[in-house]
Every structure is written in C-alpha cells, then in structure tokens.
Amino acid sequence: FKYIVETSIYMLEPWERKVFNIAMVLILVMSLYTGWVFL
Amino acid sequence: EQFEPTPYVVAIITYIGYVMLAVFGHMRDFLRNHGFEKNLIATEPARTKDFVPLYQNFESFYTRNLYRRIRDCWNRPIRTCPGAEFELIDRKSPDHGWSFEYPGTHTRAINFGSYNYLGFAETDGPCADAAAAATETFGCGVGSPRAEAGNLDLHTRLEATVAEFVGAEDAIIFPMGFATNALNMPALIGKGCCVLSDELNHSSLVLGARLTGAKIKVFRHNDIADVEAKLRDAIVYGQDRTRRPFKKILIVVEGVYSMEGSVTRLPELIALKKKYKAYLYLDEAHSIGAMGPHGRGVVDYFGCDPRDVDVLMGTFTKSFGGAGGYIAGSQHLVALLRQRSHSGLYGASLPAPVAAQVVTAFQMLMGRAGPPGEGARRLKQLEVNTQYFRASLHRLGVIVYGHRTSPVVPVMIFMPGKIAAFGRETLKRGLGTVVVGYPATPIIESRARFCLSAAHSLDIIDRSVQIIDEVTSLLLMKYSRRPPPA
Amino acid sequence: FNSRGIWATYVIFIFITHFIVLSIPFISMALAWTLTCQIHNVITYFWLHWEKGAPFEPLDQGESRTLTHWEQLDDGVQFTANKKFLLVVPIVIFLLTTFYTRYDQIHFLVNALSLVLLAIVPKLPQLYRVR
C-alpha cells in the first residue's frame, strides 16, 4: 500500500498498475543484465 | 504564520508522480482516440463533427485522466445538516470514476469539510425557527431582482444589521458570495484603472477584476514590499503606452486565505493605501464572524478602523450557515452600487429564509437573540478549537500551513496518489474532510483542508486528531522537520 | 516551472531516460546516447512547442488556449532563467552525445538536425507566437 501511494500508482486502474509494474521489472532486469554483460 | 517549504525529495517524487500519471493519461487518450477503448466522457454528437469544436480536447485532459480517477473524494452528497457531524450518502463506481451507483447505505462522519465556523448550520435553535417563520411568511424564494419586485423588508433589516455589525455607514447584500465579487467590481472600477491583486486571491476576485477591463498587477502573496513596489510603479509609470495616470488604484486582498490558512497584513496595507491614496477592497469571506474578539473579521482582529477600508466585502456562507454576500462601506459607495451593481439589477434577490437565518445569526453575535452570551461563547469556542487543533497537528509532525488563529487548517499531502488515499482513508475511519490538489493549489502543494467549527467539541477534535494520526502514519505524511511544539 | 525542485526533476528525468535506453542489452553506447538525445528533443518539442492551452480550464477566459507551453511560460517574458535553462539542456545533451559517439558523422548529423529543428529554433525570441 505504501509503495502504490508513494509512487502515485494508487490512482491507476488495476491493469494500468500491472503495466507500470511490468515496465519497472523489465527495466530492472534489463539493467541488471546489461550491467552484468558490461562489467 | 507558518509555511514550511516542501521537502526537496518530496517535491521531486511529486513531479515524477504527475509525469507518470500524464504519461498514462496520454496512453489512455491514444487508446480512446483510436477506438481501442470506449470514450465515456461527454463528447459532441457525431453530427456536429464538421462544426468548430466547442471544447478544446486538451483542456479536459486533466479532468479525463487525473481528476476522474479520484473524483469520489469530491462533491460528496450529504443527507443531513452539515453540523459538527453529518451523514454522507455512499457511492460506488464500477468504472473507476466515470459513473457512480448508490447502494442506499450512508456513512456517519465528523464534519471537518464544511464551512461552519460558528456552528449556525443546525436543524433547530433561533436561526432555524426564524428561517421557518420567514418561509411561511415570504415563501421559499424571490424570483425578481432587488431593483424590481424582489426587495423585502428582511433585506433592508439585514443590510442595517450588517452595516452596524461591521461598523460601516451602510451595506448592500447580494444572493451569492461569488457574485458579490464578480459582479460588483465592474461597478466600482473600469478602464483606465489599476487593480493590485494578491496572487492567491479567490477566483471570484480574479474574474471580477478581469471583467472590469482595468489593468491588473499581481503581487506575491501577503508581500507588503511587493505591493508597495507595484503601487509605486503604477503611480510613477501610469497606464501602458499612453502613460496617463491611472484614474483609480484598487488593492484587492482577502482577510483569510482559505487555501493557505493565512491572514492578510491589514495594518500595513491601510498604511500603504493612505500613503499612496489608493483604495482598499477587503474580501472577508472567511474571516467575518470567525476572526476578531467580536467576530467582526480581520479589521476587528487587528483593531483597525472599518472606515479605513474602502470596500468591506464578506459572505454569509462560512460563518452564518447561510448564503450570499454583502458589501459595506460609505453611504456614497453603497448608493453607487445600488444603482450600478449587475447583481442587484439582474440577479434574483436573497431568499427570505436565508436572510432570516443570517439576521438571527448576526443578532446572536451581537447578543440580541438566543441565549445570553451565546454569540460570545461560540466565538470563544471556535478560537479554542482552532488553536487546540493546530497544536495537536503540529505535535503529530505533519506540515500545517497558515496563521495560528485561522479556522481553516491546511495539512500538506504533496503527492497526487496520497490526495485520494487521504480522503478515502479518513472517511473510512469516520472523518469527513476536503482534499485539494493541482490546479487549485501549486503542483507541489496538494493538501487536506480542515475547517474548524464552534460546533465541534474538544472530544470530537481529539477523535479527529487520532484518525489523522493513524492515516498520516499509514500514508507517510509526517514530513515536518520542525521540532514539535512543547 | 517556477516551483521548487522542477529543474532537478527535469534533469533526473533525462538520467532516467538515458538509463532505460542504456539498459537495453543489444544497444551500443553511441546509439544509446543518440536515442536519449532524440527522445529528449522530440518529447520536449511536443510538450513545449506543440501542445497548446492548458490540460485544465484556467481562469483566463481562454486567453492561453492558443499559446504553446513555451509561450505561456513566465507570461511570455523572454530570456528568463527558466528559458535559458530549457535552451541550455538540449545543447549540453547534444555535446555529450557527440563526445560519446566519438564524433561519428552520421550520429552528428542526426543529432545536430534534431537539436536545431526541435530544440533551438522553436525557442528563439524571433519565433515567439509565430505560426
């Protein structure tokens, strides 16, 4: 609850929240992978 | 007065929140415009597609994509008198704010949302009896302007009462607070004049100033140095292009700024207007009845002479449980308004029950009606409630704006997601209040606004502070870095 | 654009954008910087010089309805701190991009064109309210 309130996705509809969280996870995974390859 | 600045990190997270909501808004608009999603907002019928569009699509972007999602927090229907406690009619939205359904249940809550400073919004007592009697005598409404058949002796009595109460020579009343500003400023000034307006003035003052056609200069909120600088420029440089001197310069301020909870610096403004021969228009909408030892507004609070303020404006909405407004001042000013006021010539006049309610409330404040000392008791109660509530909130660690004696108490929320969460969580716990966000406030200054009332008991205040403590802990809203008061 | 922390937020958004582009595995550093530069110029062009009016109904009786955000900024006063900041940032991004693309000609041309057409020309005072 604190997470969705701080990031303001509290105002989004459930499916939009999923889109937002998937995008966040995707960016995280990509950056970890690229970081690993890069380093 | 306190205006603790928005913490830097919170400001940045707030912007990121708004940008993220804007991105999703554009994404939804794209889906709607390309038929992937049904457009539920009111649009023009297909047959008028070839005409010039009535609405600019972008202008309702905010309503469609941000406000709509959380609009259950606003315009909540109530089913009882807006006293210390009230009952709200529950609403459910199956489609995230596009439409509402009424399950038939209702919620009882403590009322910190209504303007009811002196607690005159009540179902019984001298005011209610007077309103009922006036209804039987005069009926519910008057379908004609004052200048025609809409003038009742009640109106005349109310004007005399208002003039005596505020300490002016004469007064004129109007059926609507907003119209009192918006429709009378054009009767006072016009082209070739200059209006110095506070940047946080109410929209009725902004609209009234724009309708006059006068040159408008906006000064920083409550900044006397800025007023003087702009006043000097207006006098030295005069009108644009022609450089002719302005015919009149009108300084327009509010007594209490309801969004900030701040109080105007009246003594300095009076000194300035005397020094530069300008006129002063004081909107006491929130301070009449709520400020000052006798409830006569900020003029009474600062102990100034009412005759030093050229135009004393106020409303009956916030402190007297009524509606409408008044303008008080010199005989000459009121006579001029009687002839020229758009509201007095075209608008239907104040309904008799409302006028009776307001007259009785004024008389209770002047000690001529109701139980002896009732008016003074309410004023004292409001003052105690205000300072007790503010001190309790400061102790919680939330950021509270405004003057310690202002009965409007803004508590800062900042992030857009928390605006709705605060409104919903407090109502869930039995506290009804108002939340305000952009564009009615600066983008990083969203807030909840609590309106104190003399009808609130200290027990009610304690309960509400406890609810606020719970919700602000849940929503991580205790941003204040100031040490809590001893 | 006059409220607290907005410039820092703007720069943070540029970093976030670059970070997202950079974390795409099969994109080279040079391409990541060029994409950042392009995305920044296109979005700021759309936001500052394309959209007109306000996303809500302002109190100005429709006065700003025909003005872009850039023209409404600071009430149309030119050379304010905000406008200088918004003009300098794309130039700095362009210089960084040129450096990180090792002065490659193709990248340079694409970025220079985008910088001039989308970021600098619309901000010139001579083009204020020009349609």
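A pocket here is an open set of points on a 1 Å grid over the protein atoms alone, where a 1.4 Å probe fits, with protein on both sides within 12 Å along at least five of seven lines; its lining residues have an atom within 4 Å of a point. This is a predicted model, with local features needing pLDDT of at least 70 and side-chain atom pairs counting only at pLDDT 80 or more, while totals for chains, interfaces and linings use all residues. Residues are numbered from 1 along each chain as its sequence is written, and side-chain values use heavy atoms, leaving out hydrogens and water.

Let's start with the second largest pocket. Its lining takes in 28 residues, and B:Ala42, B:Tyr55, B:Asn57, B:Ser60 and B:Arg64 sit nearest the centre. By class, that lining splits into nine nonpolar, nine polar (Gly among them) and ten charged (Asp, Glu, Lys and Arg) residues.

Now for the interface. On chain A, 16 residues are in contact (heavy atoms within 4.5 Å) with 25 residues of chain B. About 1,800 Å² is buried between the two chains, 68% of it from carbon and sulfur atoms; buried area is the accessible area (1.4 Å probe) lost on putting two parts together, summed over both. In chain A, A:Glu6, A:Tyr10 and A:Met11 lose the most area to chain B, together 36% of what that side buries.

Charges also meet here: the rule finds five salt bridges across this interface (a Lys or Arg side-chain nitrogen within 4 Å of an Asp or Glu carboxyl oxygen). B:Arg68 pairs with A:Glu13 in a salt bridge, with the closest N and O atoms 3.2 Å apart.

Conventions
Chains lettered and ligands numbered in written order.
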